[in-house]
Each structure stands twice: as C-alpha cells, then as structure tokens.
Amino acid sequence: MNTIYFDPTVDDATRRHQLYQGQIFVYSPSPSSSALCAFAREMIQDAFGSLDPLKAQYSMPVEKYVEVLAELKPKFIHHSKSKQLIPGILEEFGCDLSKTYFDVPRLRTATSDGYLTSGIAYAFHPHRDTWYSAPFCQLNWWLPVYEIQSENSLAFHPRYWSQPLRNGSSRYNYHEWNKDSRKNAAKHIKTDTRDQPRPEEPVELDPQTRVICQVGGIILFSGSQLHSTVPNTAGRARFSIDFRTVHLDDVIAKTGAPNIDSACTGTTMGDYLRGADLAHIPNDIVALYDQLGAAGFSAP
Ligand SMILES: [Fe+2]
C-alpha cells in the first residue's frame, strides 16, 4: 500500500486491481452519494427531533441515545430508498451493475469523548473485514454524512497491509455471529462483551493514515485493509455510511487481496445484491465460499 488516488479516471477493473494491492481511492461527492447522505441526514434529524444530532449526546442520557439509534439504524438499513440509491452511486463510479453486487448500507455513529463506544455505536478496534468472513474481493465504500475532521474519522494502518497480525478470526463464524450477537447489539451500552475478531498482539497504530473527504464523498478501500475508528475527541458525533461490493468475475475467479492472517469460517457472500436487479449471488457460488472459509483462499 503506497498510494491514495483522488478522483481518478481509471476504469473499474483497473481500480479493483489497485484496491487489491492495498491502494485507497477517494472521490468527490456524486449526485447519488450526495442524495444518500441527504436522505440519511433527514432520517437522523427526525430521530433526534429538536436536538442537533451532532451534539445530542450532551443533553441526553446514554440509554435514551441508544434507544434512538436502535430505532434509527435498522430503519435506514432496510429503507427501500437506501437500497435504491446505491446502484446509482455504483453507476456514477463506473461499476457494471450486471456484475457488481452490494450489501445494504449501514449507518454508523461515533460519539465524542467516550460517551458511547459499545454495542450499537461500536468504536471499531483495528480490524480487517476479512476477519469477519468477508471475501478477499470485498471493497468497502465509506461516506461521511456530516463534515468530518481528523479527530472523528477513520484510520488506516498501512504497515499491516503486508504484515500479518495474530488475531481471533479463527473463532469467528459469520452465521453463528448473525444468530447470536448482532441482535443483541443494542444491549451492550457500557461494555461490549461479544467475542469479535481482534488483534491478539500489540498493534502499532502509528503511523496511521486518516483521509478526510467532503460530505457525500467516498473513501474506497479493500476489506483486507486494517482500519479502525479514531477515538472521537472532536466534541461532536460522527455519522457515516458504509456499504460493501464484490464483482462477480472476481468472486468466480477467487481474485482479491492476499490473505495474510484471516482464519474465519462462513461467508458474507449470501448478503450481496446485484446492482441491476437486487438478485443474490447464485447459491452454488456462495456455497463454495462457505466450504472453503478464509483459510481456503490464498494470495493471488
Ligand atoms: Fe470494517
């Protein structure tokens, strides 16, 4: 990993190839990405009523804040408008909708000063999505919903692109996690006791790279990239949207980022929806990933 591309004009195949080598792409807002963020802001403002969503934590007990998020987040994730706007974004960024699949967009919150860092607003420790059963060809699209600054952004830890980390991914199975843990996220207010894959040796967090883009802009990176939530000291909450994509050709060819340290089982492959018509990836292909798990895939 050595390059951050700003508003490049390369085609999708070239971009995917570079993303699988650890490069990061940053884009200015497009009409659909701006619309998705505007829609999220509308829903967030509705949820917090007369309060400023970025400052609401200062006038609300944390239990109440959790209740607001517990209602808001699933509503956003499953709203048909959220799902409709993603294909527009993909098209605007040169993806072939007949072969690009996406998962539903998540809405994330990072409150300031340790107000809420568990459960529904989990402050992500350094991780790779591939420790969580994501395929190695998964790409992450990350969008700030309000203005962000370095103190409430997302951090990449570039040295670990090629350096393995001892981690707990071998105890992670996506299907079991879905059964047990996700539905209990809102119950974890003060601490988070769920056994998530995390580094099991000290991580050198610096040097780290934080990319600040405009509201509705996009940070695009491989799911293998080690990334974390920056401990928010900005004095205001950060709301972001992220969704992930895979390209069918790469899924079939088992192309993607190298696997240097993931050992989880199960797969998220069944979650992705085709950009053109929201169809799922065929079962026989999903099953292949389910059987092999992360350990079955090696560096391309
Ligand atoms: Fe992640």
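Author: Both faces of strand β2 (residues 24–27) are covered: Ile24 and Val26 are buried on one side, Phe25 and Tyr27 on the other. Buried means under 20% relative accessible area, exposed over 50% and partly exposed in between, with a 1.4 Å probe and protein chains only. Strands (E, at least two residues) and helices (H or I, at least four) are DSSP runs, numbered from the N terminus. In a regular strand the side chains alternate between the two faces of the sheet.

This is a predicted model, in which local features need pLDDT of at least 70, side-chain atom pairs count only at pLDDT 80 or more, and totals for chains, interfaces and linings use all residues. Residues are numbered from 1 along each chain as its sequence is written, and side-chain values use heavy atoms, with hydrogens and water left out.

Strand β1 (residues 4–6) runs parallel to β2, joined by 3 bridges; two strands pair if DSSP finds at least two bridges between them. Tyr5 has Phe25 of β2 as its bridge partner. From β1 the chain passes through helix α1 (residues 12–19) to reach β2, a right-handed β-α-β crossover. Right-handed here means that, with the strands pointing away from the viewer, the path from the first strand over the helix to the second runs clockwise.

β2 is also joined to strand β8 (residues 218–222), by 3 bridges in the antiparallel sense. Here the bridge partner of Tyr27 is Ile218 in β8.
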